[in-house]
Amino acid sequence: MHKDLINIVILAAGKGNRMCSDIPKVLHSIAGKPIIKYIVDTAKNINKHKIYIIYGFKGDLIKKKLNDNSIHWILQKEQLGTGHAIQQLLPYLNNNENLLILYGDIPFISKATLEQLCDKKPKHGMSLLTAILDNPSGYGRVIRNNNVIAEIIEDKDANSHQLNIKEINTGIMFANVKDVKNWLKRTNNDNVQKEYYLTDIIKIAYQDNYFIKAIHPFDINEIKGVNDRIQLANLERIYQSNQIKTLILSGVTLRDPDRFDLRGTLICGIDVEIDVNVIIEGHVVLGNRVKIGAGCIIQNSSIDDDCNIHPYSIIRNSNLSVKCNIGPFSHLRNNAKLNHNVCIGNFVEIKDISLGNNSKAKHLSYLGDSEIGSNVNIGAGSITCNYDGKNKLKTIIGNDVFIGSDTQLVAPLTIIDNATIAAGTTVLKDINTSDLTLNPKKQIYKENWKRPSKK
Ligand code: UD1
Ligand code: MG
């Protein structure tokens, strides 16, 4: 492992024209995480590092998203090319230091590959990460002279012979600051894109008799870049299939590995089963034998042993104890705490709520800002009226309460244990009795009434 401090620069000033987007390319995400964050995370794992990011196009968005004080930000006002980008940094570095150059659009580069690149740098020369690709189109091609790297030609500048070369430049390199300063000042923008190419330093180094050592990545996916949305979609699939392999091998059943997305971290107990089109976001923990039905979205939640989440349910920021039954079509919108064996059914939305053991709301309800005890039955269509237009108000329901269908619970409200509320009741004040609560209504019959007939 390299002993000296390593200056690591990540190039991220470009707009990424080929993305056809208003947001900088490096902020597009893979598995819910911005592309550039993958690179920053890997850079941080390298021993003794100092990280610089070259920013330009909507750089403030990048700064805000990363929100990381340990990063040194270097502005590239105009994006005149990758060589010009590095030139903005060089005044801040000492001649006796070294520089590892990473590209903000190559997210999967590994620590092991980068360490190898740094360790293998020749004393009089630099190391360059290259790869052999069946389809090299789009990449700069590595031109060798008597098998020695002599030049890089950009795809757009290459002739038909050069376009057939399969060894490509990844852009990632490691060199002495003093050498890079010396080489870069001799580059120009005399090329198809009228840019100052960083890659032009290779030819100059070669002509100065420096040795350019080629290093290859451990895995070919490490060097794949994002230049357009097709490549972004491809990298998403590569990333997903790697995570999914790990999950399956750890004992999780995925009904169809191609129809599952993990955008965060998932920890599973034994014999967990996940049906198709499930999305997991943030940090999710599933206990033993949990079943997740088709089309569910689960975010930042923990679901304990033997819970069954039926299809098309959404669960966010919630904690479920053992043996809960959720869905189909339930929405645990935020901060639901469910005790043992709670049942939340079809078209029920709940938020900021706790429910005690065995309590049930099985059909068509909205329950918010509530504490609900054990063995409570919430009848179909019952709702908490928890909002007065300005404030959220609380509903507290004791144990063994029975709430008939289509009840409106107008908060703030407290209902004691064992209360019973008849169907269709509007509860306007606290219930302190276990007698039946109901609103008087009268059922009448209209004589001689006829259904309208079509005119
Ligand atoms: C670059 C390399 C090419 C290599 C490929 C690998 C050059 C000239 N070409 O091409 O040889 O095969 O990467 O993926 O280096 N950037 C700036 N400032 C600028 C221009 C770009 O910071 O003025 C940043 C971009 O934000 C991006 C990175 O540099 O993160 C690479 O730029 P991009 O335009 O994607 O270069 P490629 O065409 O991919
Ligand atoms: Mg690129």
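The protein chain is divided into domain 1 (6–223) and domain 2 (229–437), bounds that come from an automatic or database domain assignment. The structure is a predicted model, in which local features need pLDDT of at least 70 and side-chain atom pairs count only at pLDDT 80 or more, while totals for chains, interfaces and linings use all residues. Residues are numbered from 1 along each chain as its sequence is written, and side-chain values use heavy atoms, with hydrogens and water left out.

The C-alpha centres of domain 1 and domain 2 are 47 Å apart, and the contact between them (heavy atoms within 4.5 Å) takes 13 residues from domain 1 and 10 residues from domain 2. Together the two domains bury about 950 Å², of which 66% is on carbon and sulfur atoms; buried area here is the accessible area (1.4 Å probe) that two parts lose on being put together, summed over both. On the side of domain 1, M19, A31 and F108 lose the most area to domain 2, together accounting for 45% of what that side buries.

Between domain 1 and domain 2 there are 0 salt bridges, a salt bridge being a side-chain nitrogen of Lys or Arg within 4 Å of a carboxyl oxygen of Asp or Glu.

Leaving aside residues up to four places away in sequence, T187 touches Y196, Y197, D200, I201 and I204, and a polar atom of the T187 side chain lies 2.7 Å from the backbone oxygen of L184.

Methods. Chains lettered and ligands numbered in written order. Polar contact = N/O pair within 3.5 Å; in protein donor to acceptor, adjacent residues only side chain to side chain.
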